[in-house]
Amino acid sequence: MRPSLTAATRRPTRQIMVGNVPVGGGAPVTVQSMTTTKTADVDATLAQIYALAAAGADIVRCTCNEAEAAEGLARIVPRSPVPLVADVHFHHEMALAALEAGVACLRLNPGNLRKPEEIRLVASEARDRGVPIRIGVNAGSLHPDLYKKHGGATPEALVESALMELDYFRQVDFEDVKISVKASHVPLMVEAYRMLADAVEHPLHLGVTEAGPPPAGLIKGTAGIATLLNEGIGDTIRYSLTADPVEEARAGRQLLEALGLRERKGLDLIACPSCGRAEIDVIGVAKAAQEALEEKNLPIQVAVMGCVVNGPGEAREADIGIAAGRHKGHLFIKGKIVRVVPEDDMVAALVEEAEKLVAEGIEARLAAADASAESEAESDRLALLEAKGDDVNHSEARVELIRKTTHHVVDG
Ligand code: SF4
């Protein structure tokens, strides 16, 4: 039985090196994505790889489906900021060509590349060059024999496909492997990975394949990947979205940061959902703040709260935040009000203070707080409470009405 693990305690695995990036064996969980350009188009592919790396991808995969793609890889590999994986499906020659191009890893699909002698040949070439391989099983392209044997793409069938491939590799003494068993159906994918985690000690590459466009694709991907990461399973991840792959890389990075598996690299904006108390258009202000702050790429958590009654308290864990008062914004650091600014200046003041916070640190900015900010904020808060009352959503009035409507109903 699997030990009970959590996101923080990872399942122990052997470690492989994808170029200079360790995968498994206690290494940080990594983010992957895949280019959508023709690999033969060297400039376009490199531009996308750079964009993916900037968005958080640690490893990028490119298709190697034809000779021109392999030639493109030979030119791309030396200029890539991250290690590259060549995606190979039907032709083992493409795997050999990708190795010649100098890629850091191969991905083979056992459902599409089926001849044992070809698989062994690729594995021994990879072994001799010290290049790892991902066994990339996919429910949609499962080996037909296994599909028949199991009566469909079941978790058992996906795992058996991976183990069969691993067996071919072992026949040539090659174990430098990571494995994926992806499906577009989340419960199937989760179950397959759990079974696989019990069966092998190799690092696992997680993904919900063909998840579709966001937001549904993001939700499916997160449901599958986060469930497994929270069980300690998974060493590298990829969102498969029908979208700009930069969104995949960004989502992967954000998920790992949200689970505490990677350090925050960029902005984390939290915002209240807004309610009857809100004194501003929370959605609009949050969007404006996000755009302005993302440009600065500050590695902090920022809160945008719709009112001063609950805002600063509810967001006291945020590094910095703004809460809307009557035509004013209360700027706070770790829940302590440091400045009160006019409503129109809220976003600009937030950005300015956020930059100072990153440059000078929390203690210094708390020490530089306006002396009168706390008391001004408190009188704003009381005025707002007075004006809107505690029962801003009219709950008590509704309760009274319900009582009047139901007073004659006797239980039983
Ligand atoms: S912070 Fe204020 S406006 Fe936002 S949800 Fe809470 S009570 Fe409502």
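1. Which residue in S4 is the bridge partner of Gln32? Ile59 is the one to look for. Before going on: this is a predicted model, where local features need pLDDT of at least 70, side-chain atom pairs count only at pLDDT 80 or more, and totals for chains, interfaces and linings use all residues. Residues are numbered from 1 along each chain as its sequence is written.

2. That bridge belongs to a parallel pairing: strand S3 (residues 30–34) is joined to S4 by 3 bridges. Strands pair here if DSSP finds at least two bridges between them. Strands (E, at least two residues) and helices (H or I, at least four) are DSSP runs, numbered from the N terminus. To get from S3 to S4 the chain goes through helix H1 (residues 42–55), a right-handed β-α-β crossover. Right-handed means that, with the strands pointing away from the viewer, the path from the first strand over the helix to the second runs clockwise.

3. Strand S4 also pairs with strand S5 (residues 84–88), parallel again, over 4 bridges. Look for Cys62 opposite Ala86 in S5. Helix H2 (residues 67–76) carries the chain from S4 to S5, and this β-α-β crossover is right-handed.

4. Strand S4 (residues 59–63) is largely enclosed by the rest of the structure, because 5 of its 5 residues are buried. Buried means 20 or more other C-beta atoms within 10 Å of a residue's own, with C-beta atoms placed from the backbone; 12 or fewer is exposed, and in between is partly exposed. Ile59, Arg61 and Thr63 point one way, Val60 and Cys62 the other. In a regular strand, side chains alternate between the two faces of the sheet.
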